[in-house]
Structures are given as structure tokens and as C-alpha cells.
Amino acid sequence: MTLRLGLIFSTTGSYAALGQSAMAGALGAIETLHRRGAPQIMPVIADPRGDMVAYECMTREMLESGVRHIVGAITSWSRKEMIPLLERHGGLLWYPCPYEGFESNDHVVYLGASPNHHVVPVTDWIATQGMRRAFLIGSNYVWGWETLRLARDGLTARGIEVVGERHVPLGAPTPAHILDEIRDAAPDCVIDSLIGPSNTSFLQGLAAHPDRPPIQVLSFNQSEADLAEIGPAANGLVSAGSFFEANAGDTLCDAARRHAPNGRVSSFFATSFAAVEILSAAVRAAGTDDPATVFRAAAATPAVTAMGIMPIDPVLRHAKLTPRLAIAKDGRFDIVNSAAHPVAADPYMTAQSAGRQRPAPGPHRKLRVVK
Amino acid sequence: MTPVPVHNFSGQTALVLHLSPEIGQRIKDRCDRLGVRALILTDDLETEAARGANTLILDIDTGDDRLLPWPRAAAPMPLIGLIGSESPGRLAWALAQEVDAFIPVSGLGNLFSAMVIAHATFAQKAERRAREADEARRGSGRLDVVRAVLALMEGGRDEALALKQLRTMAMVERISIEEAASRLLSERHRAGGRTG
């Protein structure tokens, strides 16, 4: 039985680099599984070009043509466009990207990092560095709004002052006056939830700003997918993620060389790759491609993927992931902090109410590279 | 910056009043995702069961005042109404009960939103009731203010001076002018005449 697998990623448009990385991961997995003798998977590819209306049309067409499983969507905006159609047609979306949480839809499997995997480690890290003042900047849609809201909550709870917050329209460059405002506010760090060209122009503008002591920038989702595009301006940026290229073995590195336009493994690449591996194993175990049955099979037996074992919570429908922090240097990420074990996703941040312990603010410590 | 409503219900208990075990189970599944313990009831709600619960999720189609151990519109916790038939009579019952948030049975995936809205609405209602009670109390105290001013004028003061004196008393005691008036009158009453 050949499984027709929908791949809906914007491989052109304003956040094309992320879409290309994720698409390459899925195609790399299909090829790798084929070589291993797994049942055939036929990709059905669509490129919505970052246009929200196109996501809806293409998802509808795909589901009406009989596709039942889709790996896709980069932004939460696009995922939210696809969900009503998945509900209507009984489809299942394997979502491979970090997101802002507060969702657990019966037609989605969430394989990317949740806020307890990215916001919490970043705010904890800021507190342990003894930083006192933070500026927040993000893209003007749900990812930017909600990650920065969570960051504000976490920082305030740790006694760190938020000295400013700005949002930039998706796809637009970051205006120079925001860079001036950040310099004037003199924060110890900037939390950056921008994506695409807004992010590139922000980091380059901040690095080139004439009046500068360096400001520590932190991101919840910067990956190797578009790190090289930013150039030396990304040096020193700290990013949270469930996977970095440094964590990749030969399988992922080989697949990235063959399929990724930039030849790089990123969390988008690796998670899409793992999504196809989990789906393939679950379809085989279930003996059907019925989405509900496949999901139960995937949750019942954690698949061994190129990212490691990825258990999926049958209730929350989110993967257990290993939170990591990494620092960018010359187009690469060095891991500086890694959880000892995979951590269950907490999309509704239920663990945050019960008086979680505040890490004690300490003196400025230099980042240590974990070998 | 708009304040964010209460949105963490972890460790709380929700009572679910619904006759269908299948829907009860679906609600329980959604509650599990929010860290909320769901107790499914298929009979009348007992006062004992209601004690300690944080939310009541109830079926509007089968809702009846006699099912609930409190007077109409006086629930001690936020209510979430499950919309099934959409008949105006059933919706009227739910509105009269002052259900705090509604969710269609087909949309249980959005229970989190209903929880947030119900708890925010319930808190707003409680705030409004407290404010109204306070205003009513103040309104009824106005007559006492007039009486107190007249009493203070007995010493030959004019009304402006008497009112100023009453205000000063309220300010010193850090109470409202109505409370100061009521206190002054009761003290005079106890003393059986003028006290100062």
C-alpha cells in the first residue's frame, strides 16, 4: 500500500528558508525509509508561498483528493487556517515546528517544542545570568504575541524588568526607530520572536548600530535553517530548541546534504524527518492509514527516530523533547545547555502556577560550550 | 497592556452534569489536558459534591433549576453551558441561570477558552455585585448624612460647617462619610443626647 503524504510548506515567500528546511527533512525521510525497505510513501507537495489564503485552498484540495496525513505548516497562523479543514475532512496534521502552546487539537500531532521547552529555559537562563532589564520584540501575529506574553510573565516572576515591547508585521523588515528605541532603553538582553526578513534585518541592524555595547539577544526558535542568511550579526545569539545540527547523526546529515538547499540540519529539518518516520511506523503498526487509528498506534509505541525516541502523549498529543540552549557562532550553533532527559510538553503551562522555584540570580557567567 | 485573565486551572475540580457517558468522557479527556479533575455526575447535584468544586459544566438541554442546590442565578462557581439543541427555551433557561460561558457540544476542543471566559465572567459578576451592594449601602446612608448634619447644626453651626465637621470625622477615622454619619447618630442615641 502506498501512503499519499501531503507536504504543505511555504518553500517560497517571506519565511521560505524555514519551509525549505522542513520540506527537505520530510523528503529526506521518505527517501531514507524507501532505502530501508519501508512501505512506499508518495509525497503530494504544495507551496502556499506564505499566503494564508493559499494554505486553506491547498489543504482543502489535498484533503478532497483523499490525502489523510499532512506534514506541514510553519507558522501558527497557517496551522490555524488548516485545522477547520482537517476537522471537516478527518485529516491529521503532523506539525513539526516550535509553537506558542495553548492548543491540543484532535487533528494535530505536535512534534515541535512547546513553551515549557523554549520560553522557560530562556527566561531561567536570563535570570541565572544576573540580567535585570529585558526588551521584547516579535512578529505581529500569534507566535510573537503569545511567546512574548509568556516571556513577560516568566521574567516578571523572576524579578526582571521588561523595559519595552515592539511588534513588526510578518514579512516586513524591522524599522530603524525600533533599534534606536532598544538602544535608548539600555536593556541587558532582547528576546527576539521575529521570523523571516524581520528577524534578519533586526539582527543585522542591531549589530551594525553605531552606538553599541553588545546586547545579548535570545530566541525561542532560531535554527540553522536561516542562520547563514543572517551572517556574522547572529554571532552570540542564544537560541532554545529541541534539536540543533550538533545533535544530528549521520542519517540526518546525509539527508540534509542531499535534500536541504543549504545542506544544513535544523530543528525544522530534523522534526519533519522524524514526523515521517513516526507516521510510517504507526501506519505499519496500525495496518491502516485511518488517522485516529494511526495516532493511537503512534502514541502506544514510541518510534525510534533520527532525533532519538520520541514518545507522544496520547492525551495532549505532544511529543516529549529535550530542551536545549545553543549559542550561534560563525553560522553554527554550539550547545551550551541540555536537559538530561526528554521533557513532556506542557502546552497549557499548567506547571507554572504551583509556585515554581525561581532560579537564584547570580553574577554574569560566561557561556560554557557543552561538548 | 491588557491584563491576561486567569488561564491556569491545574489542580482544580470541574463537575460535569451530563446524562451522556460518551460526552462526559469527552469532557473528562479535555479536562485532563488542562490538568483539571473532572467529576461526572448524572443525577442531581448535591450540595456536598458542589463544595470544593471550581467549575460546573452542565447540559443546557436537560438543565433544570431543581437540579442545582442554589437559587436561580446564584451559583457559587463559574458555570459552562453545553449547547445542544439551540432551542430558545433552553437558552432562556441558561441565561436566567446566568451561565458564564457557552460551548457547543460539537466544539469541546475549545473547552479551555470556555473555562477562561467563564472564570473571568464569574469574577466580573462578583465584582459588580459587591460594587452594587456598596452603592446601595451608601445610598441608604444618605439620609443618615442629612440627619447627622442637622444634629451637628444644633450647636449653632451652619450647614456648611456641620458638613465640614462630619467630613473631618470621616477622614480622621478613615471611613466613608455615610459610615461617619451612622456612627455619630448611634453614639448620640446611646448617649441620649448631644455628645459634642
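This is a predicted model: local features need pLDDT of at least 70, side-chain atom pairs count only at pLDDT 80 or more; totals for chains, interfaces and linings use all residues.
I looked up the helix pair at the end of chain B: helix α5 (residues 159–173) and helix α6 (residues 177–191) of chain B have axes that come within 8 Å and cross at roughly 105°. Axes here are lines fitted to C-alpha atoms, for helices over the stretch in contact, with angles running from 0 to 180 degrees between N-to-C directions. Helices are DSSP runs (H or I, at least four residues), as are strands (E, at least two), numbered from the N terminus.

Residues are numbered from 1 along each chain as its sequence is written, and chains are lettered from A in the order in which they are written.

I listed the contacts of this pair, counting two residues as in contact if their C-beta atoms, placed from the backbone, lie within 7 Å. From α5(B), B:L166, B:R167, B:M169, B:A170 and B:E173 meet B:I177, B:A180, B:A181 and B:L184 of α6(B). By class, the contact has 7 nonpolar, no polar and 2 charged residues. Nonpolar means Ala, Val, Leu, Ile, Met, Phe, Trp, Tyr, Cys and Pro, charged means Asp, Glu, Lys and Arg, and the others, Gly among them, are polar.

I then went to helix α1 (residues 21–33) of chain B. Its 13 residues reach 19 Å from first C-alpha to last, close to the 18 Å expected at 1.5 Å a residue; the expected span is 1.5 Å times one less than the number of residues. The buried residues of α1(B) are B:G24, B:I27, B:R30, B:C31 and B:R33, buried meaning that 20 or more other C-beta atoms lie within 10 Å of the residue's own. They pack against β1 (13–17), β2 (37–41), β3 (55–59) and α4 (111–153) of chain B. After α1(B) comes B:G35, with a positive phi near 75°.

I checked the domains, whose bounds come from an automatic or database domain assignment. Chain B has domain 1 (13–129) and domain 2 (135–190), with C-alpha centres 47 Å apart. Chain A has domain 1 (3–113 + 246–309) and domain 2 (116–241 + 324–355), with C-alpha centres 26 Å apart.

Last, I looked between the chains: 13 residues of chain A are in contact with 11 residues of chain B. The chain A side has 6 nonpolar, 5 polar and 2 charged residues.

Notes: A residue is buried if 20 or more other C-beta atoms lie within 10 Å of its own, exposed if 12 or fewer, and partly exposed in between; C-beta atoms are placed from the backbone.
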